[in-house]
Amino acid sequence: MLSEGSTPDGELDAEVLIVGAGPVGCWLAAELCGAGVRVLVIEARGTRAQWSRGFVVHPRTLEILHSRGAAEPLLEAGQRLPTWHFAMGSRRLDFTALPTAFPFLLLQPQARTEELLEAHLTGLGGAVLRGRRAVGLTQFKDRVVVRVAHEGTEHELTAAFVVGCDGARSAVRQAAGIEFTGTPDTLVSPSALVELADPPPPDQYMQTREQGIFFTIALPDGRFVVSTIDHARMAEVDIPWTADMVRESVRRITGTDFGMGEPERVSTIGNSAKQAHRYRDHRVLLAGDAAHVHFPMGGQGLNLGIQDAHNLAWRLAAAALAQRADPRSPLVDALLDGYEAERRPAGEHVLEDVRAQMALVAAPGADGAALRSRFDALLHEHPEVNLEYAGRLSGLNVRYPAPAGDDQRLGSRAPDLLLDLGGPDGQPTGLYELMRSVGPARFLYLDLRGGPAQPGEAEADADSTAKAQLQGLNPGFGSDVVTIAARAVLGPDWAVQQGWGAAEAVLIRPDGHVASTGAEDDAALGALASYYGIAVAP
(Lines give C-alpha, C1' and ligand atoms only; values in the text may rest on other atoms or scores of the structure.)
Protein backbone atom coordinates (compact mmCIF):
# COMPACT_ATOMS: atom_id res chain seq x y z
CA MET A 1 0.00 0.00 0.00
CA LEU A 2 1.00 3.64 -0.32
CA SER A 3 2.80 5.24 2.60
CA GLU A 4 0.89 7.99 4.36
CA GLY A 5 4.16 9.83 4.92
CA SER A 6 5.48 12.59 2.72
CA THR A 7 7.27 11.85 -0.53
CA PRO A 8 11.04 11.75 0.08
CA ASP A 9 13.14 14.54 -1.33
CA GLY A 10 16.03 14.06 -3.74
CA GLU A 11 16.61 12.65 -7.18
CA LEU A 12 15.70 9.15 -8.26
CA ASP A 13 18.53 6.62 -8.33
CA ALA A 14 16.74 5.09 -11.35
CA GLU A 15 13.48 5.41 -13.18
CA VAL A 16 13.08 1.63 -12.95
CA LEU A 17 14.76 -0.59 -10.36
CA ILE A 18 14.78 -4.28 -11.31
CA VAL A 19 15.38 -6.80 -8.53
CA GLY A 20 16.75 -10.06 -9.94
CA ALA A 21 19.23 -10.56 -12.79
CA GLY A 22 18.06 -13.85 -14.22
CA PRO A 23 16.98 -14.06 -17.87
CA VAL A 24 13.71 -12.20 -17.20
CA GLY A 25 15.33 -9.34 -15.31
CA CYS A 26 18.13 -8.99 -17.86
CA TRP A 27 15.72 -8.92 -20.80
CA LEU A 28 13.45 -6.36 -19.15
CA ALA A 29 16.44 -4.18 -18.34
CA ALA A 30 17.79 -4.44 -21.89
CA GLU A 31 14.45 -3.38 -23.38
CA LEU A 32 14.24 -0.39 -21.04
CA CYS A 33 17.84 0.62 -21.75
CA GLY A 34 17.07 0.48 -25.46
CA ALA A 35 14.11 2.79 -24.86
CA GLY A 36 16.25 5.38 -23.07
CA VAL A 37 14.96 4.64 -19.55
CA ARG A 38 17.38 4.90 -16.61
CA VAL A 39 17.56 1.41 -15.12
CA LEU A 40 19.26 -0.23 -12.15
CA VAL A 41 19.47 -4.02 -11.80
CA ILE A 42 20.39 -5.53 -8.44
CA GLU A 43 21.01 -9.22 -7.76
CA ALA A 44 21.41 -11.01 -4.42
CA ARG A 45 23.80 -13.61 -5.84
CA GLY A 46 27.44 -12.66 -6.01
CA THR A 47 27.91 -14.54 -9.29
CA ARG A 48 25.68 -15.89 -12.05
CA ALA A 49 24.00 -19.24 -11.44
CA GLN A 50 26.15 -22.23 -12.32
CA TRP A 51 23.40 -24.86 -11.94
CA SER A 52 20.56 -24.95 -14.47
CA ARG A 53 17.06 -26.13 -13.70
CA GLY A 54 15.82 -25.13 -17.15
CA PHE A 55 17.23 -26.09 -20.55
CA VAL A 56 14.70 -24.99 -23.16
CA VAL A 57 14.30 -21.84 -25.29
CA HIS A 58 11.02 -21.94 -27.20
CA PRO A 59 10.22 -20.46 -30.66
CA ARG A 60 8.40 -17.36 -29.39
CA THR A 61 11.35 -16.44 -27.20
CA LEU A 62 13.64 -16.80 -30.22
CA GLU A 63 11.32 -14.52 -32.21
CA ILE A 64 11.42 -11.90 -29.47
CA LEU A 65 15.20 -12.01 -29.26
CA HIS A 66 15.53 -11.91 -33.06
CA SER A 67 13.37 -8.79 -33.24
CA ARG A 68 16.04 -7.04 -31.15
CA GLY A 69 19.08 -8.60 -32.80
CA ALA A 70 19.84 -10.82 -29.81
CA ALA A 71 19.01 -14.32 -31.08
CA GLU A 72 22.19 -15.21 -32.93
CA PRO A 73 24.43 -15.95 -29.90
CA LEU A 74 21.81 -18.34 -28.53
CA LEU A 75 21.32 -20.02 -31.90
CA GLU A 76 25.07 -20.57 -32.15
CA ALA A 77 25.32 -21.98 -28.62
CA GLY A 78 22.24 -24.22 -28.45
CA GLN A 79 21.10 -27.51 -29.95
CA ARG A 80 18.06 -27.33 -32.23
CA LEU A 81 15.30 -29.89 -31.71
CA PRO A 82 12.52 -30.15 -34.33
CA THR A 83 10.17 -32.02 -31.98
CA TRP A 84 9.27 -31.87 -28.30
CA HIS A 85 7.27 -33.88 -25.83
CA PHE A 86 3.90 -33.32 -24.19
CA ALA A 87 3.74 -34.95 -20.75
CA MET A 88 6.87 -36.92 -21.67
CA GLY A 89 4.91 -39.07 -24.06
CA SER A 90 6.44 -41.22 -26.76
CA ARG A 91 4.65 -39.31 -29.56
CA ARG A 92 6.39 -36.00 -30.06
CA LEU A 93 4.93 -32.60 -30.90
CA ASP A 94 6.03 -31.55 -34.40
CA PHE A 95 7.49 -28.04 -34.21
CA THR A 96 8.48 -28.07 -37.90
CA ALA A 97 4.87 -27.30 -38.82
CA LEU A 98 4.70 -24.16 -36.68
CA PRO A 99 4.20 -20.80 -38.49
CA THR A 100 7.52 -19.23 -37.52
CA ALA A 101 11.03 -18.66 -38.80
CA PHE A 102 12.15 -20.75 -35.81
CA PRO A 103 10.26 -24.07 -36.16
CA PHE A 104 12.30 -25.75 -33.44
CA LEU A 105 13.23 -25.32 -29.82
CA LEU A 106 16.71 -24.66 -28.55
CA LEU A 107 18.25 -26.92 -25.93
CA GLN A 108 20.93 -25.37 -23.74
CA PRO A 109 21.52 -24.85 -20.00
CA GLN A 110 19.64 -21.83 -18.68
CA ALA A 111 22.84 -20.62 -17.00
CA ARG A 112 24.27 -20.12 -20.49
CA THR A 113 21.12 -18.33 -21.66
CA GLU A 114 21.37 -16.03 -18.66
CA GLU A 115 25.00 -15.28 -19.49
CA LEU A 116 24.16 -14.36 -23.08
CA LEU A 117 21.23 -12.15 -22.11
CA GLU A 118 23.36 -10.31 -19.56
CA ALA A 119 25.93 -9.73 -22.32
CA HIS A 120 23.12 -8.26 -24.47
CA LEU A 121 22.19 -5.94 -21.60
CA THR A 122 25.81 -4.89 -21.17
CA GLY A 123 26.04 -4.11 -24.88
CA LEU A 124 23.17 -1.64 -24.45
CA GLY A 125 24.93 0.15 -21.62
CA GLY A 126 23.25 -1.66 -18.72
CA ALA A 127 24.90 -3.52 -15.85
CA VAL A 128 24.07 -5.81 -12.95
CA LEU A 129 25.00 -4.84 -9.38
CA ARG A 130 25.61 -8.14 -7.59
CA GLY A 131 25.62 -9.05 -3.93
CA ARG A 132 22.73 -6.68 -3.20
CA ARG A 133 19.59 -8.10 -1.62
CA ALA A 134 16.26 -6.25 -1.40
CA VAL A 135 15.04 -6.49 2.21
CA GLY A 136 12.08 -4.12 2.23
CA LEU A 137 10.31 -1.31 0.41
CA THR A 138 8.04 1.65 0.97
CA GLN A 139 5.78 3.07 -1.72
CA PHE A 140 4.93 6.72 -2.16
CA LYS A 141 2.63 8.34 -4.70
CA ASP A 142 5.36 8.97 -7.26
CA ARG A 143 8.24 6.64 -6.25
CA VAL A 144 9.34 3.58 -4.32
CA VAL A 145 12.14 3.40 -1.75
CA VAL A 146 13.83 -0.01 -1.52
CA ARG A 147 16.07 -1.06 1.35
CA VAL A 148 19.07 -2.98 0.09
CA ALA A 149 21.52 -5.11 2.11
CA HIS A 150 25.10 -5.11 0.83
CA GLU A 151 28.28 -6.27 2.58
CA GLY A 152 26.74 -6.19 6.03
CA THR A 153 25.11 -2.78 5.79
CA GLU A 154 21.82 -1.42 4.48
CA HIS A 155 21.18 1.52 2.20
CA GLU A 156 18.22 2.86 0.23
CA LEU A 157 17.57 3.08 -3.50
CA THR A 158 14.75 5.21 -4.90
CA ALA A 159 13.00 4.58 -8.22
CA ALA A 160 9.81 5.60 -9.93
CA PHE A 161 8.95 1.91 -10.42
CA VAL A 162 10.24 -1.38 -9.03
CA VAL A 163 9.95 -4.76 -10.74
CA GLY A 164 10.44 -8.01 -8.87
CA CYS A 165 12.13 -10.55 -11.15
CA ASP A 166 13.58 -12.30 -8.11
CA GLY A 167 12.09 -15.76 -8.34
CA ALA A 168 9.58 -17.91 -6.51
CA ARG A 169 10.58 -16.61 -3.07
CA SER A 170 10.45 -13.02 -4.31
CA ALA A 171 11.43 -10.51 -1.63
CA VAL A 172 9.73 -7.78 -3.68
CA ARG A 173 6.44 -9.68 -3.80
CA GLN A 174 6.53 -10.32 -0.07
CA ALA A 175 7.49 -6.75 0.79
CA ALA A 176 4.60 -5.45 -1.34
CA GLY A 177 2.18 -7.77 0.48
CA ILE A 178 1.04 -9.56 -2.69
CA GLU A 179 -0.44 -12.99 -2.00
CA PHE A 180 1.04 -16.03 -3.77
CA THR A 181 -1.33 -18.97 -3.74
CA GLY A 182 -2.13 -22.16 -5.59
CA THR A 183 -1.54 -25.86 -5.10
CA PRO A 184 1.28 -27.25 -2.91
CA ASP A 185 3.77 -29.98 -3.73
CA THR A 186 2.15 -33.39 -3.90
CA LEU A 187 5.02 -35.08 -5.71
CA VAL A 188 8.71 -34.48 -6.27
CA SER A 189 11.13 -35.29 -9.05
CA PRO A 190 14.87 -35.65 -8.34
CA SER A 191 17.61 -34.31 -10.61
CA ALA A 192 21.26 -35.35 -10.50
CA LEU A 193 24.24 -33.93 -12.40
CA VAL A 194 26.35 -36.99 -13.27
CA GLU A 195 28.65 -38.74 -15.71
CA LEU A 196 27.24 -41.87 -17.37
CA ALA A 197 29.66 -44.60 -18.39
CA ASP A 198 27.01 -46.29 -20.55
CA PRO A 199 24.46 -43.61 -21.49
CA PRO A 200 21.31 -44.49 -23.42
CA PRO A 201 21.15 -43.58 -27.11
CA PRO A 202 19.53 -40.19 -27.77
CA ASP A 203 16.23 -41.74 -28.86
CA GLN A 204 15.96 -43.25 -25.37
CA TYR A 205 16.76 -40.12 -23.37
CA MET A 206 13.11 -40.17 -22.31
CA GLN A 207 11.53 -43.47 -21.27
CA THR A 208 7.96 -43.87 -20.04
CA ARG A 209 7.22 -47.09 -18.18
CA GLU A 210 4.50 -48.39 -15.90
CA GLN A 211 6.87 -47.74 -12.95
CA GLY A 212 7.37 -44.08 -13.87
CA ILE A 213 9.36 -41.87 -16.20
CA PHE A 214 13.10 -41.51 -16.75
CA PHE A 215 14.55 -38.58 -18.67
CA THR A 216 18.00 -37.18 -19.18
CA ILE A 217 19.59 -34.17 -20.87
CA ALA A 218 23.07 -34.39 -22.39
CA LEU A 219 25.14 -31.31 -21.58
CA PRO A 220 27.78 -29.91 -23.97
CA ASP A 221 30.60 -30.90 -21.58
CA GLY A 222 29.65 -34.60 -21.68
CA ARG A 223 27.83 -34.73 -18.37
CA PHE A 224 24.14 -35.57 -18.00
CA VAL A 225 21.25 -34.22 -15.96
CA VAL A 226 19.32 -37.34 -14.92
CA SER A 227 15.77 -37.12 -13.54
CA THR A 228 12.88 -39.42 -12.75
CA ILE A 229 9.23 -39.29 -11.84
CA ASP A 230 9.17 -42.46 -9.78
CA HIS A 231 5.66 -43.67 -8.98
CA ALA A 232 7.01 -45.67 -6.02
CA ARG A 233 8.51 -42.65 -4.25
CA MET A 234 7.23 -39.48 -5.90
CA ALA A 235 4.77 -38.70 -3.07
CA GLU A 236 7.57 -38.52 -0.46
CA VAL A 237 7.77 -34.74 -0.74
CA ASP A 238 9.48 -34.12 2.63
CA ILE A 239 12.35 -36.64 2.29
CA PRO A 240 15.72 -35.34 1.02
CA TRP A 241 16.88 -37.35 -1.98
CA THR A 242 20.39 -38.81 -2.00
CA ALA A 243 22.62 -40.04 -4.80
CA ASP A 244 21.80 -43.66 -3.94
CA MET A 245 18.07 -42.91 -4.07
CA VAL A 246 18.41 -41.42 -7.55
CA ARG A 247 20.43 -44.42 -8.75
CA GLU A 248 17.84 -46.85 -7.33
CA SER A 249 15.02 -44.86 -8.92
CA VAL A 250 16.63 -45.00 -12.36
CA ARG A 251 17.15 -48.76 -12.02
CA ARG A 252 13.58 -49.32 -10.86
CA ILE A 253 12.18 -47.59 -13.94
CA THR A 254 14.65 -48.62 -16.66
CA GLY A 255 16.37 -51.76 -15.29
CA THR A 256 19.84 -50.11 -15.37
CA ASP A 257 21.64 -47.07 -13.97
CA PHE A 258 23.59 -46.46 -17.23
CA GLY A 259 26.90 -46.57 -15.37
CA MET A 260 25.99 -43.58 -13.24
CA GLY A 261 28.95 -42.03 -11.46
CA GLU A 262 28.85 -40.13 -8.19
CA PRO A 263 26.52 -37.14 -8.71
CA GLU A 264 28.03 -33.68 -8.39
CA ARG A 265 24.70 -32.35 -7.27
CA VAL A 266 21.28 -33.76 -6.33
CA SER A 267 18.17 -31.60 -6.05
CA THR A 268 14.41 -32.03 -6.22
CA ILE A 269 11.64 -30.17 -7.98
CA GLY A 270 8.08 -30.22 -6.71
CA ASN A 271 4.84 -29.85 -8.63
CA SER A 272 3.44 -26.86 -6.76
CA ALA A 273 1.67 -24.39 -9.04
CA LYS A 274 1.24 -20.89 -7.68
CA GLN A 275 0.47 -17.45 -9.01
CA ALA A 276 0.50 -13.93 -7.60
CA HIS A 277 -2.98 -12.58 -6.90
CA ARG A 278 -1.99 -9.48 -8.81
CA TYR A 279 1.02 -8.57 -10.94
CA ARG A 280 0.94 -4.92 -9.90
CA ASP A 281 0.66 -3.08 -6.63
CA HIS A 282 0.78 0.65 -7.38
CA ARG A 283 4.41 1.15 -8.52
CA VAL A 284 5.62 -2.37 -7.79
CA LEU A 285 5.30 -5.02 -10.51
CA LEU A 286 6.16 -8.71 -10.81
CA ALA A 287 7.47 -10.76 -13.73
CA GLY A 288 8.74 -14.29 -14.27
CA ASP A 289 8.86 -16.72 -11.35
CA ALA A 290 8.07 -13.91 -8.92
CA ALA A 291 4.60 -13.88 -10.53
CA HIS A 292 4.11 -17.60 -11.23
CA VAL A 293 5.77 -20.95 -10.56
CA HIS A 294 5.08 -24.45 -11.84
CA PHE A 295 6.82 -27.76 -12.48
CA PRO A 296 9.21 -27.26 -15.45
CA MET A 297 7.24 -29.67 -17.61
CA GLY A 298 7.73 -28.75 -21.25
CA GLY A 299 10.31 -26.07 -20.42
CA GLN A 300 7.74 -23.28 -20.50
CA GLY A 301 8.95 -21.21 -17.56
CA LEU A 302 11.63 -19.15 -19.35
CA ASN A 303 9.32 -18.58 -22.32
CA LEU A 304 6.54 -17.34 -20.04
CA GLY A 305 8.84 -15.01 -18.14
CA ILE A 306 10.46 -13.48 -21.23
CA GLN A 307 7.01 -12.71 -22.61
CA ASP A 308 6.12 -11.06 -19.28
CA ALA A 309 9.21 -8.85 -19.60
CA HIS A 310 8.57 -8.05 -23.26
CA ASN A 311 4.98 -7.01 -22.57
CA LEU A 312 5.92 -4.97 -19.51
CA ALA A 313 8.93 -3.18 -21.03
CA TRP A 314 7.14 -0.91 -23.48
CA ARG A 315 4.46 -0.09 -20.93
CA LEU A 316 7.06 0.80 -18.29
CA ALA A 317 9.00 2.86 -20.82
CA ALA A 318 5.84 4.82 -21.65
CA ALA A 319 5.01 5.25 -17.95
CA ALA A 320 8.53 6.38 -17.07
CA LEU A 321 8.66 8.88 -19.92
CA ALA A 322 5.17 10.18 -19.12
CA GLN A 323 6.27 10.71 -15.51
CA ARG A 324 9.17 12.88 -16.66
CA ALA A 325 6.62 15.39 -17.90
CA ASP A 326 4.15 14.87 -15.03
CA PRO A 327 5.02 12.83 -11.90
CA ARG A 328 1.29 12.24 -11.32
CA SER A 329 0.45 11.41 -14.94
CA PRO A 330 -2.92 9.62 -15.29
CA LEU A 331 -1.46 7.55 -18.15
CA VAL A 332 0.59 5.45 -15.72
CA ASP A 333 -2.30 3.46 -14.25
CA ALA A 334 -3.89 2.63 -17.60
CA LEU A 335 -0.58 1.54 -19.10
CA LEU A 336 0.46 -0.69 -16.23
CA ASP A 337 -2.99 -2.13 -15.54
CA GLY A 338 -2.88 -3.46 -19.11
CA TYR A 339 0.17 -5.57 -18.22
CA GLU A 340 -1.66 -7.53 -15.56
CA ALA A 341 -4.81 -7.78 -17.68
CA GLU A 342 -2.84 -9.48 -20.48
CA ARG A 343 -0.13 -11.44 -18.72
CA ARG A 344 -1.95 -12.89 -15.72
CA PRO A 345 -4.37 -14.90 -17.93
CA ALA A 346 -1.37 -16.06 -20.00
CA GLY A 347 0.22 -17.35 -16.80
CA GLU A 348 -3.02 -19.10 -15.78
CA HIS A 349 -3.12 -20.95 -19.11
CA VAL A 350 0.44 -22.24 -18.71
CA LEU A 351 -0.22 -23.39 -15.13
CA GLU A 352 -3.31 -25.23 -16.37
CA ASP A 353 -1.36 -26.92 -19.16
CA VAL A 354 1.37 -27.99 -16.76
CA ARG A 355 -1.15 -29.38 -14.27
CA ALA A 356 -2.70 -31.43 -17.07
CA GLN A 357 0.69 -32.83 -18.07
CA MET A 358 1.56 -33.67 -14.48
CA ALA A 359 -1.72 -35.54 -14.10
CA LEU A 360 -0.74 -37.65 -17.11
CA VAL A 361 2.80 -38.45 -16.00
CA ALA A 362 1.87 -39.11 -12.36
CA ALA A 363 -0.99 -41.52 -13.02
CA PRO A 364 0.39 -44.83 -11.65
CA GLY A 365 0.12 -48.45 -12.69
CA ALA A 366 -1.54 -50.03 -15.71
CA ASP A 367 -4.34 -47.44 -15.71
CA GLY A 368 -1.84 -44.61 -15.96
CA ALA A 369 0.08 -46.38 -18.71
CA ALA A 370 -3.16 -46.83 -20.68
CA LEU A 371 -4.05 -43.15 -20.25
CA ARG A 372 -0.66 -42.03 -21.56
CA SER A 373 -0.92 -44.46 -24.46
CA ARG A 374 -4.30 -43.08 -25.47
CA PHE A 375 -3.04 -39.49 -25.38
CA ASP A 376 0.02 -40.45 -27.44
CA ALA A 377 -2.32 -41.95 -30.03
CA LEU A 378 -4.36 -38.74 -30.10
CA LEU A 379 -1.26 -36.69 -30.92
CA HIS A 380 -0.19 -39.19 -33.58
CA GLU A 381 -3.53 -39.69 -35.32
CA HIS A 382 -4.72 -36.07 -35.33
CA PRO A 383 -2.13 -33.63 -36.76
CA GLU A 384 -4.33 -30.65 -35.96
CA VAL A 385 -4.27 -31.56 -32.25
CA ASN A 386 -0.52 -32.05 -32.41
CA LEU A 387 -0.11 -28.61 -33.98
CA GLU A 388 -2.41 -26.97 -31.44
CA TYR A 389 -0.39 -28.27 -28.49
CA ALA A 390 2.89 -27.39 -30.21
CA GLY A 391 1.60 -23.84 -30.62
CA ARG A 392 0.62 -23.65 -26.97
CA LEU A 393 3.94 -24.91 -25.63
CA SER A 394 5.98 -22.79 -28.04
CA GLY A 395 4.30 -19.56 -26.92
CA LEU A 396 3.23 -18.71 -30.47
CA ASN A 397 -0.49 -19.07 -29.74
CA VAL A 398 -0.63 -16.27 -27.16
CA ARG A 399 -3.33 -13.81 -28.18
CA TYR A 400 -4.25 -10.76 -26.13
CA PRO A 401 -7.75 -9.22 -26.07
CA ALA A 402 -8.09 -6.63 -28.81
CA PRO A 403 -10.12 -3.38 -28.84
CA ALA A 404 -12.57 -4.49 -31.52
CA GLY A 405 -12.99 -6.69 -34.55
CA ASP A 406 -13.08 -10.40 -35.30
CA ASP A 407 -9.80 -10.61 -37.26
CA GLN A 408 -7.87 -13.50 -35.67
CA ARG A 409 -4.64 -11.57 -36.12
CA LEU A 410 -5.77 -8.90 -33.65
CA GLY A 411 -3.92 -9.38 -30.38
CA SER A 412 -1.71 -12.11 -31.86
CA ARG A 413 2.00 -11.71 -32.46
CA ALA A 414 2.98 -10.51 -35.93
CA PRO A 415 5.17 -13.08 -37.72
CA ASP A 416 8.45 -12.18 -39.40
CA LEU A 417 6.94 -11.17 -42.74
CA LEU A 418 9.14 -10.79 -45.83
CA LEU A 419 8.33 -7.37 -47.30
CA ASP A 420 8.94 -5.70 -50.65
CA LEU A 421 10.00 -2.18 -49.69
CA GLY A 422 10.89 -1.15 -53.22
CA GLY A 423 14.60 -0.99 -52.48
CA PRO A 424 17.18 -0.78 -55.29
CA ASP A 425 18.48 -4.33 -54.76
CA GLY A 426 15.02 -5.89 -54.91
CA GLN A 427 15.71 -8.02 -51.85
CA PRO A 428 12.87 -8.53 -49.34
CA THR A 429 13.21 -7.09 -45.85
CA GLY A 430 12.11 -8.97 -42.74
CA LEU A 431 9.55 -7.34 -40.47
CA TYR A 432 11.64 -8.19 -37.41
CA GLU A 433 14.59 -6.37 -38.97
CA LEU A 434 12.37 -3.30 -39.20
CA MET A 435 11.21 -3.75 -35.61
CA ARG A 436 14.86 -3.89 -34.57
CA SER A 437 15.45 -0.52 -36.26
CA VAL A 438 12.31 1.00 -34.75
CA GLY A 439 13.37 -0.05 -31.24
CA PRO A 440 11.56 -1.25 -28.13
CA ALA A 441 9.40 1.79 -27.38
CA ARG A 442 7.57 2.64 -30.60
CA PHE A 443 4.56 1.32 -32.45
CA LEU A 444 5.13 0.36 -36.08
CA TYR A 445 2.50 1.23 -38.68
CA LEU A 446 2.94 -1.12 -41.64
CA ASP A 447 1.22 0.39 -44.67
CA LEU A 448 0.51 -2.27 -47.31
CA ARG A 449 -1.47 -0.11 -49.74
CA GLY A 450 0.99 -0.02 -52.60
CA GLY A 451 4.26 1.09 -51.05
CA PRO A 452 6.53 4.06 -51.78
CA ALA A 453 6.68 5.86 -55.07
CA GLN A 454 10.48 5.93 -55.05
CA PRO A 455 12.99 3.36 -53.83
CA GLY A 456 14.29 3.98 -50.35
CA GLU A 457 11.31 5.97 -49.08
CA ALA A 458 10.30 3.14 -46.76
CA GLU A 459 13.51 2.81 -44.79
CA ALA A 460 12.97 2.40 -41.04
CA ASP A 461 13.69 5.89 -39.73
CA ALA A 462 13.08 6.42 -36.02
CA ASP A 463 11.99 10.01 -36.77
CA SER A 464 9.46 9.08 -39.43
CA THR A 465 6.01 10.59 -38.88
CA ALA A 466 4.32 9.83 -42.17
CA LYS A 467 1.01 8.82 -40.64
CA ALA A 468 -0.35 12.16 -39.43
CA GLN A 469 -3.15 10.69 -37.32
CA LEU A 470 -0.67 8.64 -35.32
CA GLN A 471 1.95 11.29 -34.57
CA GLY A 472 0.41 12.08 -31.20
CA LEU A 473 0.21 8.48 -30.00
CA ASN A 474 1.81 8.27 -26.57
CA PRO A 475 3.46 11.70 -26.66
CA GLY A 476 6.15 10.72 -24.16
CA PHE A 477 7.96 8.96 -26.96
CA GLY A 478 8.24 11.99 -29.23
CA SER A 479 7.94 10.34 -32.63
CA ASP A 480 6.16 7.29 -31.34
CA VAL A 481 4.85 5.54 -34.45
CA VAL A 482 7.18 4.72 -37.28
CA THR A 483 5.43 4.25 -40.61
CA ILE A 484 6.79 1.69 -43.05
CA ALA A 485 5.29 1.53 -46.55
CA ALA A 486 5.58 -1.80 -48.34
CA ARG A 487 4.57 -2.79 -51.85
CA ALA A 488 3.69 -6.37 -50.94
CA VAL A 489 4.11 -9.22 -48.49
CA LEU A 490 6.33 -11.73 -50.29
CA GLY A 491 6.35 -14.45 -47.67
CA PRO A 492 6.79 -16.72 -45.93
CA ASP A 493 4.27 -18.81 -47.84
CA TRP A 494 2.35 -19.76 -44.71
CA ALA A 495 2.01 -16.08 -43.76
CA VAL A 496 0.55 -15.21 -47.16
CA GLN A 497 -1.85 -18.14 -46.86
CA GLN A 498 -2.95 -16.83 -43.45
CA GLY A 499 -3.96 -13.55 -45.08
CA TRP A 500 -1.14 -11.31 -43.95
CA GLY A 501 -0.79 -9.86 -47.44
CA ALA A 502 -4.45 -8.90 -47.60
CA ALA A 503 -4.51 -6.30 -44.82
CA GLU A 504 -4.46 -2.67 -45.93
CA ALA A 505 -2.34 -1.79 -42.93
CA VAL A 506 -1.23 -3.27 -39.62
CA LEU A 507 -0.44 -1.37 -36.43
CA ILE A 508 2.08 -3.38 -34.41
CA ARG A 509 2.76 -2.76 -30.75
CA PRO A 510 6.33 -2.46 -29.45
CA ASP A 511 6.11 -6.05 -28.15
CA GLY A 512 5.24 -7.36 -31.61
CA HIS A 513 1.52 -7.98 -31.03
CA VAL A 514 -1.05 -6.59 -33.45
CA ALA A 515 -3.04 -3.60 -32.24
CA SER A 516 -5.14 -3.17 -35.40
CA THR A 517 -5.52 -4.27 -38.99
CA GLY A 518 -6.83 -2.05 -41.77
CA ALA A 519 -6.39 1.68 -42.38
CA GLU A 520 -7.49 3.66 -39.34
CA ASP A 521 -9.68 6.75 -39.26
CA ASP A 522 -9.60 9.26 -36.39
CA ALA A 523 -12.38 7.51 -34.48
CA ALA A 524 -10.68 4.14 -34.68
CA LEU A 525 -7.37 5.63 -33.57
CA GLY A 526 -9.08 7.30 -30.62
CA ALA A 527 -10.58 3.97 -29.56
CA LEU A 528 -7.17 2.32 -29.81
CA ALA A 529 -5.55 5.03 -27.75
CA SER A 530 -8.22 4.75 -25.08
CA TYR A 531 -7.88 0.97 -24.97
CA TYR A 532 -4.11 1.03 -24.50
CA GLY A 533 -4.18 3.88 -22.01
CA ILE A 534 -2.26 6.27 -24.22
CA ALA A 535 -3.01 9.67 -25.69
CA VAL A 536 -3.69 11.02 -29.16
CA ALA A 537 -2.83 14.64 -29.78
CA PRO A 538 -5.77 16.82 -30.83
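In what order do the 3 strands of the open sheet come? The order is 23-22-26, with antiparallel pairing; two strands pair if DSSP finds at least two bridges between them.

This is a predicted model, where local features need pLDDT of at least 70, side-chain atom pairs count only at pLDDT 80 or more, and totals for chains, interfaces and linings use all residues. Residues are numbered from 1 along each chain as its sequence is written, and side-chain values use heavy atoms, leaving out hydrogens and water.

Start with the whole protein. Its secondary structure comes to 13 helices and 28 strands, taken as DSSP runs (helices H or I, at least four residues; strands E, at least two) numbered from the N terminus. Of the 538 residues, 56% count as buried, that is, under 20% relative accessible area with a 1.4 Å probe, protein chains only.

D420 has A488 of strand 26 as its bridge partner.

Now select 301-325 and 331-362, helices 7 and 8. Their axes (lines fitted to C-alpha atoms over the stretch in contact, with angles from 0 to 180 degrees between N-to-C directions) come within 9 Å and cross at roughly 175°. Helix 7 is therefore roughly antiparallel to helix 8 (angles over 145 degrees). Contact means heavy atoms within 4.5 Å; among the residues making it are W314 and R315 of helix 7 and Y339 and E342 of helix 8.

How values were computed:
Angles under 35 degrees count as roughly parallel, over 145 as roughly antiparallel, 65 to 115 as roughly perpendicular and the rest as oblique. Buried means under 20% relative accessible area, exposed over 50%, partly exposed in between (1.4 Å probe, protein chains only).
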